[in-house]
Amino acid sequence: MTRYRQKHYLPWVDRHKQGALFTRGMHLDWPLLAGLLLLAAIGLVVLYSASGQDLEHIWRQIIRLGLAFGVMVGVAHIPPHQLERWTPWLFGAGIIMLLAVEIVGDISKGAQRWLDLGFVRFQPSEIMKVAVPMMVAWYLAESRLPPSLKTTAVAAALIFAPVGLIAMQPDLGTSLLVCTAGIFVVLLSGISWRFIGTVALLGACAAPLMWFFGMHDYQRQRVLTFIDPETDPLGTGYHIIQSMIAIGSGGLYGKGWLNGTQSQLDFIPERSTDFIFAVFAEEFGFFGIVLLLAVYLFIILRGLYIANQAQNSFTRLLAGSLTITFFVYLAVNIGMVSGLLPVVGVPLPLISYGGTSMITLMTGFGILMSIQTHRKLVTT
Amino acid sequence: MPQLDLKDHIRETHLFTNRTIVALVGIILVILIIITRMVYLQVIGHEHYSALSQNNRVGIVPLPPIRGQIHDRNGILLAQNQPSFSLEIVAEQVKNMDLLITQLAELVEVSDRDIDRFKEQLHQQRRFQPATLRFRLNETEVARLAVNRHRFPGVEVQARLVRHYPQAALAAHAIGYVGRISEKDMGEIDVANYAATTHIGKQGIEKSYEKVLHGTVGYQRVETNAFGRMVRVLDRIEPIPGKNIVLTLDVELQRVAREAMGEEAGAVVAINPKNGEVLTLVSTGDFDPNLFINGIDRKSYKELQESPSRPLFNRALQGQYPPGSTFKPFVALAGQELGAVDANHTIFCRGWYSLKGSSHRYRDWKKDGHGPTDLKKAVTESCDVYFYELAQALGVDRLHDYLIQFGFGKSTGIDIAGEASGILPSTRWKRKTYNKPWYLGETLITGIGQGFTLTTPLQLAVTTATLANGGQYHQPHLLKQIADTQTKLLPFVPEHPSTTIKKVNERHWKAVIDGMINVVHGDRGTARRIAHDQPYQIGGKTGTAQVASIKQGAKYNEEMTPKHLRDHALFVAFAPADNPTIAIAVIVENGGHGGSVAAPVAGAVIDHYLLGAAPAP
C-alpha cells in the first residue's frame, strides 16, 4: 500500500523539483509567506492609525507578529506525520485544560476563559481552534472516506465535546469557530449532501431551543441588538451603529490614512482590536477594502491549493479546514463590523491588535507550510 | 486489495477536490456578499453615513461674551472681570458627592462655607451645569488638581472671568451685583444669547443695564470626540463683548459720604440739579457684593439678614421716611405760589396751635414759641405753628397737587429697580387707601411733614434739586454714558423728559431759598454748625422724623432700644445757593436732630464736591 502510494505520487515530485529549490533548507511556502507578510504590514499601517498614532502599540504588535511568525516557522519544520502522531495527545490535553478552566479558571470579564499556569495565562479554547480540526482529520483519515454514519457520529462527538465546554465558559464566538473548524473537516471528507441537508434542517429546528435554553442573557442581547441596533443606540447597539457610520462615511476612496474622524475621535469602539476593519474602511474606502479582500483571497486560494496538493487524507482535510476556518474568521469579523452578523468577539486575522488568536492563526499556517513543504520528503 | 486502495485513493482525492471547489464557490459567494454590503454602505449609503459622521464629530460650542466694565464718572473701576481658576463639579457625573468632596479636600482647601455654598448652588442649578466648589485656586492647588484629575470624573479646573467689585461695599446698593443664572432668570432672558453665560445682573446697575453689559454670544464649531471632549476648533464667530458703562457716581464723593455716616444706619443721596446725575448713593449698613457673585453661603446670608442695621436694605431707594421739617420749604413755596400766604405775612407763634372749637394743641418743637414769625424765619427756625396755619389755609389737596410736581409721592424713575414711591397724601388718596374721610388735623401735621407723608432719601434729593434749580425737574439717573465702541460714547437718554414747574413769581422762590440759606448761614439757623468760611452759600433744611414704632423684624435688644426710639435725623441741602450744582439728602436713622447729625454729613459731601477736599474741622 505504501509502495503504491509512493509510485502514484512520483510524477508530482518531479513536477515540483523547481519549487523545491526555493524551499530547500527552510520549510516555508513562499507565496503564503508573502501574502501573510503583506497582510501583517497592512495591519501595522492601520493599527498605527487606529491606536491614535501610538508607537508603543506598534512595537508590541511587531513583537507579537515576530513571535507568531516564529511559531509558524517552527511548526512548519515539524513533518506532518509527526503532527499526526501528536494529534490525539494535543486534543486530550486541550480537553483536560478546558475542564480545568471550568473548575479553577480565573474570572475574566465575567467569563471563565483563562487558565493561569503560574508563569503564563492562556486560553485553552485557542488551542482547540487547531486541535479540533486536527483531531477530526486524524480520526476520519483512519478509515475509508467518505465516512460512514458511525464514523461521522464519532467525529461529531469529537467536535461537540470541546465546543460544549467552550460554550459553557461562556465564549460563544470561539466555540462557534472551533465548531466551524471541525465541521469543515467533516464536510471536506465527503459526507453526502443529503446528510448535510438533513443535519442543517435539524439545526434550524434546534435554533429556537438554543435561544431559550442554551444562551446567556448577554448572548441573547447581542443577537437582539444585531437584529435591530437602533433599539439601544447608546448601549450595545452603539458599537454597530458607529462602526457602520465609519464604513459608510468612508465612501469609495476613504477619508485618507489618519483622517478618519470616526476612528480618530474614538467613536469606533474597540477600534484597534475587533473593530479595526471599520477604521480601515473609513480611511481607505471601498477600493481599499477590495484590495484587502484580494490579499485575503490570495492567501485562501494558496491554502486551498496546498490542501489539494496534500498527500494523504489527514493533511488534506486539515489543510482545507484550516484555510476555510481562516476565511470564516475574516467573514465573521467583517460581517459583524458591517452589521451583517451579531457582535461576537472575532478579531480580523493578522490585522487586529492582540496576541493569542494571532499565534493560533500562525500555528495553522505553519501546519499548512509543513504540509506543503514536506511532501517530497515522503517520496525520498 | 491494492487496486481497491488505489481506486479509493483516487476517489478520495476527487471527492476532496470537488468539496474544495464547492468551498471555493462558497467563499467567493461570501466575498461577493461582503462586497455588496460595502457597496450598500459606502456607495449607496455614503451620503447618509457621511452626514451622521459629520454630526457625530462637529459640535457647536457657545462662547460667552466678556461682560462690560462699570466705571464711575472719573473713570475709576467699579466692576471688572478677573481671571480666576475655579474647581467645578458636574454633579450628574459624580456617584458619591460626599466622598468626592472629602477626597478633594485633601488636595485643596475646602471650608465648610464652601461646601455649604456649593450644595446650595447645586439645588438651584440647571442640570448638567457645573457647580463651583472652590474659587480663586492658587497655582499649587491648580497643579495638584491637574495631577489627580484622572481620579475624579466630573471634576474640572476652569479658568473663568469672574466679576469683581474693587470698591467692595462702597457702592454696593447702586452697582448691585451679578449672580448665577437661576431657573427663574431663564424665563426672562433670550436663552440662546445666554448659552455660554453663567452669571446675570441681579441687582442695581448690573440688573438694569444687563442687556448693555452682557454683549452677544459667539459660537465655535468644534470637533469633539466620542466623549464630548473638544479636539479642535473648525471655525468661530467671535462673541461681541458687552459695552462698558460710565456711571454718574463719583466714587470719591461716595467715600466721603460713607465715611461721614460712620456706623450710623441711613442714606445719603446727592444729585446734580442741572441734569439729574446721581453723584452719590449711599445706604448704610452695606455689604460686599463680591459675596453674592457665586452664591452666598447660608451662614453669611443669615448674618446679613439678621444684622440690626439691615445691610441688604437699600435705604436710599426703598427706605420711606416722614420728611419732617425738610418738607416745610416746599409747603412755604406752595403757600406763596398758590396765594395762600405772602412772604411778609407774620404770625405770632406761642408754642402751639389749635383748631377752632377744639382743645387739642398742636405743639411747636420750641415749647415757648418763636414769637412773631414771617415766612423766612419760619423756614430758618423751622416754626411748626407757621406751617400748621399755612397748611390749614392751603388745604391738603391743593398742597398735594402743587407738590406732586416736585416729585413727591411718585417714583423718580431712577434707572435701578426697587424704588419705593413714597406717599403724598390727599383726601382722595385717603379715601382710596383707607376708605376714610380726611380730617383737618391731618392737614396740619402734613404741613410739617408728619402724618401720612413718606419720602425716600432719593425723593428728598430730587425734590430738593428741583426746588434749588428753580423748578426744573430732571429724572435722576446713575448712567452717564455707554461706551459703544472705543471712541463712541452714547449719553444717557432719560425716559421721562425734563419738566419745568410754572412759576407765579420769582420772589416766592427766592424767599424760600433765602430762608434755607439762613438755615445754614443765619445766626439762628438750625444747621449753622456746618457753616464755615466756605466760598459759597449752602441752602438747607433740617428735619426730624418721629419713629412711630419699632421697625418690623428688628430684634428686641436692650442696649439698642433707646436708640431705636430716637427720631430719624434728616437734612436736605443744595449748593452753591445762587447756582446749585449739588443737591443732597441725608437721613440718619434714629440719629436724633437733623442739624446735629445729618447736616454735618451733607456739609462734608458738599465741601468735598465743591472744594475737592474735606472741610476744615
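## Reading chain B of a predicted model

Modeller: Let's start with a helix packed on strands. Helix 10 (residues 251-261) of chain B lies across strand 13 (266-272), strand 14 and strand 25 (582-588) of chain B. Against strand 14 of chain B, helix 10 runs at about 30 degrees.

Biologist: OK, and which strands of chain B does helix 20 lie across?

Modeller: Strand 23 and strand 24 of chain B. Helix 20 covers residues 506-521, and its angle to strand 23 of chain B is about 75 degrees. Keep in mind that this is a predicted model.

Biologist: In what order do the five strands of that open sheet in chain B come?

Modeller: Read across, the order is 14-13-25-24-23 in chain B, with antiparallel pairing. Strand 14 (277-284) and strand 23 (539-545) of chain B are the edges: each has a single partner strand, so one side of each has no neighbour in the sheet. On average, neighbouring strands of this sheet are turned by 5 degrees against each other, ignoring direction.

Biologist: How many bridges join strand 23 of chain B to strand 24 of chain B?

Modeller: Seven, and the two strands run antiparallel, with strand 24 spanning residues 568-575. For one facing pair, look at Ala545(B), which sits opposite His568(B) in strand 24 of chain B.

Biologist: Now the cysteines. How many disulfides are there over all chains?

Modeller: Zero, by the rule that the two sulfur atoms must be within 2.5 Å. Take Cys349(B): its nearest cysteine sulfur belongs to Cys383(B), 3.7 Å away, and Cys349(B) is in no disulfide. Cys383(B) is in no disulfide either, its nearest cysteine sulfur being that of Cys349(B).

Biologist: Is Cys349(B) buried or exposed?

Modeller: Buried, at 1% relative accessibility. Cys383(B) is buried as well, with a relative accessible area of 0%.

Biologist: Last one: how do I read an interface?

Modeller: Its size is often given as the accessible area lost when the parts come together. Here chain B and chain A bury about 4,300 Å² between them, 71% of it on carbon and sulfur atoms. Phe16(B), Arg19(B) and Gln42(B) supply 18% of what chain B buries against chain A, more than any other three residues. The contact takes 44 residues from chain B and 56 from chain A.

Key
Residues numbered from 1 in each chain as written. Chains lettered and ligands numbered in written order. Predicted model: local features only at pLDDT ≥ 70, side-chain atom pairs only at ≥ 80, totals over all residues. Heavy atoms only, no water. Pairing = 2+ DSSP bridges. Helix = DSSP H or I, 4+ residues; strand = E, 2+ residues; numbered from the N terminus. Axes fitted to C-alpha atoms, helices over the stretch in contact; angles between N-to-C directions. Contact = heavy atoms within 4.5 Å. Buried < 20%, exposed > 50% of the residue type's maximum accessible area, 1.4 Å probe, protein only. Buried area = accessible area lost by both parts, 1.4 Å probe.
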